[in-house]
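Visitor: I would like to go through this model and ask what stands behind each term.
Guide: Then let us look at it together.

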Amino acid sequence: MIEVSHLTRQFGSLRAVEDLSLKLEPGEILGFLGPNGAGKSTTMKMLTGFLVPTSGRISVFGHDVGDNPISAQEMIGYLPEGAPCYEDMTPETFLNFIAEIRGFRDDEKRRRVDDVVKKMSLQQVLHQKIETLSKGFKRRVGLAQAIIHDPKVLILDEPTDGLDPNQKKQVRDLILGLSKDKIVIISTHILEEVAAVCSRVVIVSEGKLVVDCSAEELEKQSRFHGAVTLILPEDVDADLLRSQIEPLSSVDSLEVSGTSITVFPKDNRQIFSVLSGLLTQQGIAPESMFQEKGRLEDVFRQITTGESA
Amino acid sequence: MSHLVAIVKRELNSYFVTHLAYVFILIFLILSGVFTFYLGNFFERGQADLAPFFTFHPWLYLFLVPAISMRLWSEERKSGSIELLLTLPIRKFDAVAGKFLAAWIFTGIALLLTFPLWLTVNYLGEPDNGAILAGYLGSWLMAGGFLAIGSCMSALSRSQVIAFIVTGLVCLLFVLAGFPMVLNLFEDWVPMIVLDALASLSFLAHFSSISKGVLSLQDVFYFVSVIVAWLAATMIVLEIKRAS
């Protein structure tokens with residue numbers, strides 16, 4: 001379990017993190033969101049003992065990071081922002097070094113290194129200097145060192161930043177494939193990622209925690225939650241249809257852009273069947289029609305800037 | 001202990017894979033040769049000892065050691081790998097001492113590679129090999145002092161260039177502290193006791209007897225204290241950076 005209580009961090013006159021409290025149980029995958037400079041990385045640096053909090057405490061499975069950093073750090077695997085490594089080393093020598101520091105010797109060390117090399121598909125670059133590797137491989141080397149000791153807590157600062165879609169999927173699969181007794185904290189800008197892997201979402205803005213809920217709950221906060229979007233064939237008169245949808249009692253409002261119409265329900269009512277009934281009646285076959293789960297981008301913007309899309 | 005060994009191994013390796021090692025050793029050997037034979041009048045003196053070789057070591061170290069020490073922490077801070085290193089479950093002492101030891105062992109290797117000079121004096125005459133050994137040990141200890149200062153300066157800045165220059169300046173102060181030129185400056189208005197303290201801080205004062213082959217316990221103790229003090233300062237600097 002991780003317990004963060006009243007964490008505050010001051011850089012000069014700037015308050016990067018302010019009175020942040022958080023409790024995490026094993027099995028949770030936390031998406032740590034917020035605009036750039038909101039204090040995500042600073043918080044992660046304090047969790048891992050790299051920075052000292054100005055005030056507040058952090059405990060990792062009962063080990064206080066301030067009083068007993070080494071015991072806490074033994075349980076943590078950390079991928080810092082940008083996945084820094086010793087670039088003059090090869091993945092092989094680098095991972096062996098990390099394994100040694102993590103206390104593995106001989107056969108166990110070899111087994112651990114082989115294991116993460118396989119997991120991260122690093123075989124083909126094993127003897128190349130890290131500085132010559134592509135961004136994707138570098139990131140994988142960074143992830144490999146973070147999971148080599150099978151840590152109970154995994155802290156990943158923007159693990160998929162700068163990766164191509166295939167690599168992103170690989171990293172997500174890796175996170176989802178971790179055993180369920182771990183705590184994973186991921187910071188990211190990519191909101192689809194949160195929906196894809198995270199069980200819980202925390203949003204920070206200007207150093208303060210503003211949202212703490214599940215990914216689904218967050219989607220529900222979107223004004224798009226429950227809305228229905230229709231994509232119409234080009235020969236349909238959207239304005240005419242609009243005049244027919246607007247008077248419906250369950251409809252609150254609608255937005256037209258080109259051939260797509262988004263209809264917002266009143267009081268979270270189900271409007272899908274009503275609309276499809278109306279379309280059948282009118283003899284219109286839409287190219288597609290779907291109910292929105294909610295747009296995270298929209299909620300994110302709403303929460304962090306106070307305006308919506 | 002095993003952490004310390006792992007860090008020393010990694011650091012030492014990185015000297016040799018980056019070719020820094022070979023360039024440094026080459027320059028060190030060439031310059032020590034130039035100093036010994038041209039400036040030190042090795043042959044003209046007609047004495048079978050290595051005094052002309054050792055005498056110039058403080059000056060040689062003045063710009064060669066900062067070149068090694070500047071990367072100790074600045075490079076880690078610049079590349080961000082310091083975040084990796086300092087979040088591994090190791091004591092700060094292991095990181096600081098490990099990096100220092102690797103650099104120190106490395107300068108030891110460079111020093112050992114000057115052995116042809118030792119062969120030469122043994123070929124030409126019958127030198128006091130005990131005195132030569134003392135000279136080597138003393139020179140290595142002094143290099144350690146320079147390196148420890150460099151370690152601290154490197155921890156202060158993320159720029160290797162700044163680390164290099166500041167290290168050079170601080171080392172120069174330590175070398176010159178015992179120089180008559182500097183001491184004369186203070187002579188008239190500073191109490192004798194301060195003057196003595198200042199002079200006793202000097203690398204030069206402690207090294208001059210060593211370079212003649214006299215390795216006294218007092219001088220050894222001096223250089224060891226310098227190393228310990230500056231490594232402690234390095235740890236303090238790292239701790240301050242963690243909190244500020």
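What follows is a set of questions about the terms used for this predicted model, each with its answer.

Visitor: What makes A:Asp88 and B:Arg10 a salt bridge?
Guide: The nitrogen and oxygen of these side chains lie 4.0 Å apart. The cut-off is a Lys or Arg nitrogen within 4 Å of an Asp or Glu carboxyl oxygen, so the pair is counted.

Visitor: Why is the pair of B:Glu83 and A:Lys45 called a salt bridge?
Guide: Their N to O distance is 3.9 Å. The limit is 4 Å for such a nitrogen and oxygen, and therefore this pair also qualifies. The pair runs between chains, from helix 7 (residues 81–85) of chain B to helix 1 (residues 40–47) of chain A.

Visitor: How many salt bridges are there between chain A and chain B, and how many in the whole structure?
Guide: Three are counted between chain A and chain B. Over all chains the search gives 27.

Visitor: What makes the two chains partners in contact?
Guide: The test is heavy atoms within 4.5 Å. On that basis, 27 residues of chain A touch 29 residues of chain B. About 2,600 Å² is buried between the chains, with 62% of it on carbon and sulfur atoms. A:Phe50, A:Tyr86 and A:Ile101 provide 28% of what chain A buries against chain B, more than any other three residues.

Visitor: Which polar contacts cross the interface, and how many residue pairs are they?
Guide: Twelve residue pairs, both members at pLDDT 80 or more, are in polar contact across the interface of chain A and chain B. On chain A, strand 1 (2–11), helix 2 (69–75) and helix 3 (91–101) each bring at least two residues to the side that touches chain B. Helix 3 gives the most, with five residues. By class, that side of chain A has 15 nonpolar, four polar and eight charged residues.

Visitor: What makes the group with B:Phe63 and B:Val161 a nonpolar surface patch?
Guide: Its members are B:Phe63, B:Val161, B:Ile162, B:Phe164, B:Ile165, B:Val166 and B:Leu169, and the patch covers about 610 Å². Membership needs over 30% relative accessible area, no salt bridge, and nonpolar side chains joined within 5 Å, so these residues are grouped as one patch. Helix 11 (residues 160–176) of chain B supplies six of the patch residues, the most of any element. B:Ile162 is located in helix 11.

Conventions
Residues numbered from 1 in each chain as written. Chains lettered and ligands numbered in written order. Predicted model: local features only at pLDDT ≥ 70, side-chain atom pairs only at ≥ 80, totals over all residues. Heavy atoms only, no water. Buried area = accessible area lost by both parts, 1.4 Å probe. Polar contact = N/O pair within 3.5 Å; in protein donor to acceptor, adjacent residues only side chain to side chain. Helix = DSSP H or I, 4+ residues; strand = E, 2+ residues; numbered from the N terminus. Nonpolar A, V, L, I, M, F, W, Y, C, P; charged D, E, K, R; others polar. Patch = residues over 30% accessible without salt bridge, like charges linked within 9 Å, V, L, I, M, F, W, Y side chains within 5 Å. Areas by Shrake-Rupley, 256 points an atom, 1.4 Å probe, with all protein chains shown as cover.
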